[in-house]
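Reader: I have not looked at this one before. Please take me through it.

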Amino acid sequence: MRFMRIIFLVVLVVALCTGASATLTWVKTFNDLYNPKPNSAITKAKCALCHTTPAGTDGLNCYGKMLEKAKVEPSSLKAIERKDADKDGVSNIVEIKAGTLPADPKSRPRNK
């Protein structure tokens, strides 16, 4: 029984670390490609850019789901730039350039 608990804990730790690592890799890839402004909603959102919580511990939001099965590379981000994740009438790339959140229909560029 003790052996099974140890195995469970090891599997749990590996799963959690793998998820956190993937999230950090996406954040770096996103920041390297788009270089968001320090005080933008995107920067303040942290993991909530793609996840439903700022800590990134819950599921993916609509923008994150667009990247769920994609390779962690700039071309994956570029492939969804013209899409509108939150269906607010503003493309992901327009929101990214404006510093607004592509997964939040209430977060839109001021002139849209």
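Reader: Is tyrosine 34 buried or exposed?
Author: Tyrosine 34 counts as buried, at 16% relative accessibility. Buried means under 20% relative accessible area, exposed means over 50%, and partly exposed is in between, with a 1.4 Å probe and protein chains only.

Reader: What should I know about the numbers before going on?
Author: This is a predicted model, where local features need pLDDT of at least 70, side-chain atom pairs count only at pLDDT 80 or more, and totals for chains, interfaces and linings use all residues. Residues are numbered from 1 along each chain as its sequence is written, and side-chain values use heavy atoms, with hydrogens and water left out.

Reader: Back to the rings, then. How many aromatic pairs are there?
Author: The count is one aromatic pair. Phenylalanine 30 and tyrosine 34 form it, tilted, at 4.8 Å centre to centre and 55° between the planes. Rings of Phe, Tyr and Trp (its six-membered ring) pair if their centres lie within 6.5 Å; planes under 30 degrees apart are stacked, over 60 edge-to-face, and the rest tilted.

Reader: Where do those two residues lie?
Author: Both phenylalanine 30 and tyrosine 34 lie in helix 1, residues 2-34, four residues apart, about one turn of the helix. Helices (H or I, at least four residues) are DSSP runs, numbered from the N terminus. Phenylalanine 30 is buried, with a relative accessible area of 3%.

Reader: And threonine 29, what does it touch?
Author: Threonine 29 touches Val72, Glu73, Pro74 and Leu77, leaving out residues up to four places away in sequence. A contact means heavy atoms within 4.5 Å. Threonine 29 is in helix 1 and is buried, at 12% relative accessible area.

Reader: Which element has the lowest mean pLDDT?
Author: Helix 1 has the lowest, 65, and helix 4 (residues 74-79) has the highest, 98. Over residues 8-21 the pLDDT is below 50, and this stretch has zero contacts in the model beyond near neighbours in sequence. pLDDT is the predictor's confidence in each residue, from 0 to 100. The protein averages 85, and 79% of the residues score at least 70.
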